[in-house]
Amino acid sequence: SGCSSLVSLYFFFIPTASTNPKAALKSKIVAEFRPQSLIDELLLYKRSEEQIELKEKQLSTIRVDVCSTETLKCLKGKEGV
(Lines give C-alpha, C1' and ligand atoms only; values in the text may rest on other atoms or scores of the structure.)
Protein backbone atom coordinates (compact mmCIF):
# COMPACT_ATOMS: atom_id res chain seq x y z
CA SER A 1 0.00 0.00 0.00
CA GLY A 2 1.01 3.63 -0.34
CA CYS A 3 1.30 4.16 3.44
CA SER A 4 3.82 1.41 3.99
CA SER A 5 6.13 2.75 1.26
CA LEU A 6 5.84 6.24 2.77
CA VAL A 7 6.69 4.92 6.24
CA SER A 8 9.68 2.93 4.95
CA LEU A 9 10.84 5.98 3.00
CA TYR A 10 10.62 8.09 6.18
CA PHE A 11 12.63 5.64 8.27
CA PHE A 12 15.21 5.27 5.53
CA PHE A 13 16.31 8.90 5.96
CA ILE A 14 16.72 8.91 9.76
CA PRO A 15 20.42 9.62 10.34
CA THR A 16 22.24 6.99 12.32
CA ALA A 17 25.66 7.09 13.92
CA SER A 18 27.10 5.18 10.99
CA THR A 19 25.74 7.62 8.37
CA ASN A 20 26.16 10.83 10.36
CA PRO A 21 29.77 11.64 11.38
CA LYS A 22 28.60 14.15 13.98
CA ALA A 23 26.34 11.58 15.60
CA ALA A 24 29.18 9.05 15.52
CA LEU A 25 31.48 11.51 17.28
CA LYS A 26 28.86 12.23 19.94
CA SER A 27 28.33 8.52 20.49
CA LYS A 28 32.08 8.00 20.86
CA ILE A 29 32.38 10.87 23.36
CA VAL A 30 29.51 9.53 25.45
CA ALA A 31 30.90 5.98 25.33
CA GLU A 32 34.40 7.10 26.40
CA PHE A 33 33.29 9.59 29.04
CA ARG A 34 34.80 8.77 32.42
CA PRO A 35 33.15 10.98 35.04
CA GLN A 36 35.56 10.04 37.85
CA SER A 37 38.31 12.36 36.62
CA LEU A 38 35.81 15.23 36.38
CA ILE A 39 34.51 14.43 39.87
CA ASP A 40 38.09 14.42 41.23
CA GLU A 41 38.83 17.80 39.64
CA LEU A 42 35.61 19.30 41.00
CA LEU A 43 36.39 18.00 44.51
CA LEU A 44 39.88 19.55 44.36
CA TYR A 45 38.38 22.84 43.21
CA LYS A 46 35.78 22.76 45.99
CA ARG A 47 38.46 22.08 48.65
CA SER A 48 40.53 24.94 47.27
CA GLU A 49 37.55 27.29 47.43
CA GLU A 50 36.83 26.18 51.01
CA GLN A 51 40.45 26.89 52.01
CA ILE A 52 40.27 30.36 50.47
CA GLU A 53 37.00 31.06 52.27
CA LEU A 54 38.46 29.86 55.59
CA LYS A 55 41.56 32.05 55.19
CA GLU A 56 39.43 35.06 54.29
CA LYS A 57 37.33 34.53 57.44
CA GLN A 58 40.45 34.15 59.56
CA LEU A 59 41.97 37.31 58.12
CA SER A 60 38.80 39.30 58.64
CA THR A 61 38.76 38.43 62.37
CA ILE A 62 42.38 39.26 63.22
CA ARG A 63 44.14 42.57 63.51
CA VAL A 64 47.45 42.69 61.72
CA ASP A 65 50.39 44.99 62.17
CA VAL A 66 51.28 45.44 58.51
CA CYS A 67 54.64 46.90 59.47
CA SER A 68 55.72 43.59 61.05
CA THR A 69 57.59 41.44 58.52
CA GLU A 70 57.29 38.45 60.87
CA THR A 71 53.50 38.77 60.88
CA LEU A 72 53.43 39.02 57.11
CA LYS A 73 55.61 35.89 56.83
CA CYS A 74 53.18 33.98 59.05
CA LEU A 75 50.21 35.13 56.98
CA LYS A 76 51.89 33.99 53.78
CA GLY A 77 52.72 30.67 55.41
CA LYS A 78 56.33 30.82 54.24
CA GLU A 79 59.47 31.15 56.31
CA GLY A 80 62.31 33.27 55.07
CA VAL A 81 60.37 35.31 52.51
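This is a predicted model: local features need pLDDT of at least 70, side-chain atom pairs count only at pLDDT 80 or more; totals for chains, interfaces and linings use all residues.
Residues are numbered from 1 along each chain as its sequence is written. Local features need pLDDT of at least 70, side-chain atom pairs count only at pLDDT 80 or more, totals for chains, interfaces and linings use all residues, and side-chain values use heavy atoms, with hydrogens and water left out.

Start with the overall layout. The protein has four helices and zero strands; both are DSSP runs numbered from the N terminus, helices being H or I with at least four residues and strands E with at least two. Of the 81 residues, 1% are buried. Buried means under 20% relative accessible area, exposed over 50%, and partly exposed in between, with a 1.4 Å probe and protein chains only.

Next, charge. Which side chains meet in a salt bridge? They are glutamate 53 and lysine 57, at 3.6 Å, N to O. The term means a side-chain nitrogen of Lys or Arg within 4 Å of a carboxyl oxygen of Asp or Glu. Both residues sit in helix 3, four residues apart, about one turn of the helix. Glutamate 53 is partly exposed, at 45% relative accessibility. A search of the whole structure finds one such bridge.

Last, the patch. Leu59, Ile62, Leu72 and Leu75 form a nonpolar surface patch with about 320 Å² of accessible area together. Patch residues have over 30% relative accessible area and no salt bridge; like charges are joined within 9 Å, and nonpolar side chains (Val, Leu, Ile, Met, Phe, Trp, Tyr) within 5 Å. Isoleucine 62 lies in the loop between helix 3 (35-61) and helix 4 (69-76), and is partly exposed at 43%.

Definitions and conventions: Accessible areas come from the Shrake-Rupley method with a 1.4 Å probe; for residues, only the protein chains shown count as cover.
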